[in-house]
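Colleague: I have not looked at this one before. Can you walk me through it?
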Amino acid sequence: MLITFEGIEGCGKTTQTGLLADHLARRGYSVVRTREPGGTPFGEAMRELLLKKDMDVDPLCELMIIMAMRAQHVDEVILPALRDGRIVLCDRFSDATYAYQGSGRKIDTATIDTLNTMVTKGIRPNLTVLLDIPVEKGLRRRAASSDMDRIEGEDLSFHQRVRAAYEKLAKEDPKRFFVVDANLKIEALHNLIRAKVENTLKSYGI
Ligand code: TMP
């Protein structure tokens with residue numbers, strides 16, 4: 001079972017991934033919590049470089065690096081965990097590439113499709129939780145917590161394209177996406193997500 005968390009900067013998905021991981025572990029499930037970009041020793045080292053401020057990175061270069069990291073992550077972490085019947089909670093996955101590199105950087109979908117199918121080996125999330133929040137609010141939250149990295153530091157219109165892309169992805173695949181209002185308080189959001197995940201697990205007989 002692969003559950004992914006997506007949303008724009010400052011939407012609170014990392015907090016929610018952690019709360020859900022703790023909850024599922026308490027219920028006795030074997031949970032792997034991971035993230036992209038990163039998730040492996042190689043990926044985490046590359047993440048630092050990828051997000052480092054004040055560097056010029058060509059959109060296609062950025063896409064290739066992210067895909068290379070995903071290939072490693074799928075092979076080393078996600079596939080083995082899924083084969084062992086574990087629940088994988090991943091903070092960002094393929095949808096982020098369509099939103100950020102596709103709509104944000106304006107790379108065509110066909111190119112992303114080709115590379116993504118290759119590196120994911122066709123793995124798709126069983127459930128994707130999309131935390132939706134207005135761009136200005138998300139960026140304000142983000143700016144208040146620490147320094148903005150290279151991608152976070154993109155202009156407002158970039159982040160607006162990312163948010164719109166996520167909305168479109170969710171509309172196109174309503175069965176997989178669970179869209180929640182990230183304006184809600186942390187606990188209220190967690191309760192909504194928990195209920196949805198428990199139903200999903202039940203529907204898979206897990
Ligand atoms: P984070 O906000 O979840 O820590 O992710 C770091 C950044 O990585 C975030 O600005 C979005 C970006 N990203 C992409 O641009 N494309 C991708 O495919 C992924 C997984 C992340």
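Modeller: Keep in mind that this is a predicted model. A place to start is the aromatic rings.

Colleague: Fine. How many aromatic pairs are there?

Modeller: The count comes to two aromatic pairs. In one of them, the ring centres of Tyr100 and Phe158 are 6.1 Å apart and the planes stand at 55 degrees, so the pair is tilted.

Colleague: Is Tyr100 buried or exposed? And what about Phe158, buried or exposed?

Modeller: Tyr100 has 5% relative accessibility, so it counts as buried. Phe158 has 2%, so it counts as buried too. The cut-off for buried is under 20% relative accessible area.

Colleague: And the other pair?

Modeller: That one is Tyr100 with Tyr166. Their ring centres are 6.5 Å apart and their planes are at 80 degrees, so the pair is edge-to-face. It also links distant parts of the chain, with Tyr100 in helix 4 and Tyr166 in helix 7, 66 residues apart. Both Tyr100 and Tyr166 are buried.

Colleague: Tyr100 turns up in both. Which residues form the aromatic cluster?

Modeller: Tyr100, Phe158 and Tyr166 form one cluster.

Colleague: What does Tyr166 touch?

Modeller: Leaving out residues up to four places away in sequence, Tyr166 touches Glu6, Gly7, Ile8, Arg92, Asp95, Ala96, Ala99, Tyr100 and Leu130.

Colleague: How many residues does the largest nonpolar core have?

Modeller: It has 48 residues, and Ile3 and Tyr166 are the ones with the most contacts inside it. Helix 7, residues 156-172, gives the largest share of this core, six residues.

Colleague: Switching topic to the ligand. Which residues come nearest to it?

Modeller: There are 15 residues around the ligand, and those that come nearest are Glu9, Lys13, Arg47, Thr97 and Gln101.

Colleague: How much of the ligand's accessible area does the protein cover?

Modeller: On its own the ligand has 470 Å² of accessible area, and the protein covers 94% of that.

Colleague: Back to Thr97. Where is Thr97 found?

Modeller: Thr97 is in helix 4. Its relative accessibility is 1%, so it counts as buried. Not counting residues up to four places away in sequence, Thr97 touches Leu63, Ile66, Met67, Arg70, Gly102 and Ile112.

Colleague: What about His190? Where does His190 lie?

Modeller: His190 lies in helix 8, residues 186-203. Its relative accessible area is 4%, which means that it is buried. With residues up to four places away in sequence left out, His190 touches Gln16, Leu19, Leu20 and His23.

Colleague: Now the backbone. Which residues does a cis peptide bond join?

Modeller: Glu36 and Pro37, with omega at about -10 degrees. Pro37 is in the loop between strand 2 (31-35) and helix 2 (41-51).

Colleague: Why mention that one?

Modeller: Because most peptide bonds are trans.

Colleague: And phi angles?

Modeller: Most residues other than glycine have a negative phi. Asp54 has a positive value, with phi near 60 degrees. Lys106 has a positive value as well, with phi near 65 degrees.

Colleague: Where is Asp54 found? And where is Lys106 found?

Modeller: Asp54 is in the loop between helix 2 and helix 3 (59-83). Lys106 is in the loop between helix 4 and helix 5 (109-120).

Colleague: Is Asp54 buried or exposed? Is Lys106 buried or exposed?

Modeller: Asp54 has a relative accessible area of 77%, so it is exposed. Lys106 is exposed too, with 64%. The cut-off for exposed is over 50%.

Technical notes. Residues are numbered from 1 along each chain as its sequence is written. This is a predicted model: local features need pLDDT of at least 70, side-chain atom pairs count only at pLDDT 80 or more; totals for chains, interfaces and linings use all residues. Side-chain values use heavy atoms; hydrogens and water are left out. A nonpolar core is a set of buried Ala, Val, Leu, Ile, Met, Phe, Trp, Tyr and Cys residues joined through side-chain atoms within 4.5 Å. Buried means under 20% relative accessible area, exposed over 50%, partly exposed in between (1.4 Å probe, protein chains only). Helices (H or I, at least four residues) and strands (E, at least two) are DSSP runs, numbered from the N terminus. Contact means heavy atoms within 4.5 Å. A residue is near a molecule or strand if one of its heavy atoms lies within 4 Å of it. Accessible areas come from the Shrake-Rupley method with a 1.4 Å probe; for residues, only the protein chains shown count as cover. Rings of Phe, Tyr and Trp (its six-membered ring) pair if their centres lie within 6.5 Å; planes under 30 degrees apart count as stacked, over 60 as edge-to-face and the rest as tilted.
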